[in-house]
Amino acid sequence: MRVFTGFAGVMLLVYAGAAAPAAAVPAAKPDMERGKQIASTVCVACHGADGNSTVPANPMLAGQQGGYIAAQLAAFKAGTRPSPIMQGMAAGLSPDDIRSVAAWFESQKPAARFAHDKALVDRGQQIWRAGVKASGVPACAGCHGATGAGNPVQYPRLAGQYPDLSLGWLKAFASGARPHPVMGPIASGLTEADMKAVAEYASGLR
Ligand code: HEC
Ligand code: HEC
């Protein structure tokens with residue numbers, strides 16, 4: 001019995017250690033009404049109340065992974081993901097607010113978008129499914145999913161995102177303006193033409 005308790009203790013410790021990067025995301029239940037209220041009073045101006053932004057400069061949030069939304073809001077608040085606009089927006093949100101608004105946007109249905117540039121889309125699909133061997137870039141699908149829906153907790157949805165935003169984020173990962181240990185090296189292995197192609201392809205995924 002003793003041995004078992006001790007073992008369980010060790011397992012718990014290991015688990016807590018593995019979960020440490022998500023520590024900023026609180027674990028209590030989200031309040032959907034509260035989330036909806038924040039979305040429709042604060043976020044609505046730019047992202048739409050249901051997260052279907054109609055302005056290409058503002059990201060689509062409908063259907064985005066809730067864990068990802070919460071982590072990004074915490075990063076904006078802390079300034080570790082630089083954005084003058086979003087730092088101000090996140091500053092007033094409590095951990096409860098963040099959890100609730102993240103769950104609200106995750107539960108919303110993303111509007112369908114269609115990639116239009118055929119040549120770009122073909123190249124983009126190649127990168128999405130197989131990566132770029134010559135520069136060691138892995139397949140995007142490996143983390144963001146075959147359909148671009150993302151994966152809980154930290155892999156964002158890219159399907160249906162405005163292509164100029166995805167392109168801008170890839171450039172920012174490559175330059176270090178948006179520092180990230182995984183996406184930095186991946187984006188650095190893409191030419192600007194390839195970034196454009198894969199951003200266009202992802203925007204048409206559903
Ligand atoms: C004044 C316009 C504006 C308002 C209001 C606003 N946002 Fe944003 N938001 C932006 C812009 C612009 C970006 C892109 C920032 C960047 O990547 O540099 C962004 C990015 C984000 C991101 C990251 C998306 C991604 O895919 O990386 C999240 C999450 C987010 N906003 C959530 C919210 C929430 C929640 C609210 C309401 C509490 C809100 N925003 C209010 C303009 C706004
Ligand atoms: C090993 C896993 C992994 C692979 C492979 C991967 N990504 Fe990512 N990607 C991530 C993670 C993790 C993030 C979240 C970064 C953060 O937290 O700021 C991310 C974020 C992004 C973002 C920002 C999205 C947003 O809403 O802010 C874009 C764009 C992106 N990835 C594009 C790509 C493309 C294109 C490829 C293929 C060339 C790719 N990724 C391959 C893990 C991966």
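Which helices each supply at least two residues of the shell around ligand 2? They are α3, α7, α8 (163–175) and α9, and the views below show where they come in. This is a predicted model, in which local features need pLDDT of at least 70 and side-chain atom pairs count only at pLDDT 80 or more, while totals for chains, interfaces and linings use all residues. Residues are numbered from 1 along each chain as its sequence is written, chains are lettered from A and ligands numbered from 1 in the order in which they are written, and side-chain values use heavy atoms, with hydrogens and water left out.

**View 1. The protein chain has 10 helices and 0 strands.** Helices (H or I, at least four residues) and strands (E, at least two) are DSSP runs, numbered from the N terminus. Of the 206 residues, 41% count as buried, meaning under 20% relative accessible area with a 1.4 Å probe and protein chains only. Take the contacts (heavy atoms within 4.5 Å) between residues at least 6 apart in sequence: 68% of them join residues at least 24 apart.

**View 2. His47 and Met86 coordinate the iron atom of ligand 1.** The donors here are NE2 of His47 and SD of Met86, at 2.0 to 2.2 Å. Donors are N, O and S atoms within 2.8 Å of the metal (3.2 Å for Na, K and Ca), and water is not among the atoms, so sites may look incomplete. The arrangement is octahedral because the 6 donor atoms subtend angles of 85 to 178°. Six donors count as octahedral if opposite donors are over 155 degrees apart and all others between 65 and 115. His47 sits in helix α2 (residues 32–47) and Met86 in helix α4 (residues 84–91), so the pair links parts of the chain 39 residues apart. Both residues are buried.

**View 3. A shell of 22 residues surrounds ligand 1.** A residue belongs here if one of its heavy atoms lies within 4 Å of the ligand. Among the closest are Cys43, Cys46 and Trp169. Look for the polar contacts (pairs of N or O atoms within 3.5 Å; within protein, one must be able to donate a hydrogen and the other to accept it, and residues adjacent in sequence count only if both atoms are side-chain atoms). An N or O atom in the side chain of Arg81 is 2.8 Å from an oxygen atom of ligand 1, and a polar side-chain atom of His47 lies 2.7 Å from a nitrogen atom of ligand 1. Helix α2 gives the most to this shell, with 5 residues.

View 4. His144 belongs to helix α7 (residues 141–144) and Met183 to helix α9 (residues 183–188), 39 residues apart. His144 and Met183 are buried.

**View 5. Tyr68 has polar contacts with ligand 1 and with ligand 2.** A polar side-chain atom of Tyr68 lies 3.5 Å from an oxygen atom of ligand 1 and 2.6 Å from an oxygen atom of ligand 2. Of the 25 residues around ligand 2, Tyr68 is one of those that come nearest. Helix α8 gives the most to the shell around ligand 2, with 4 residues.

How values were computed
Tetrahedral: all angles 85-135°; square planar, octahedral: opposite > 155°, others 65-115°. Buried < 20%, exposed > 50% of the residue type's maximum accessible area, 1.4 Å probe, protein only.
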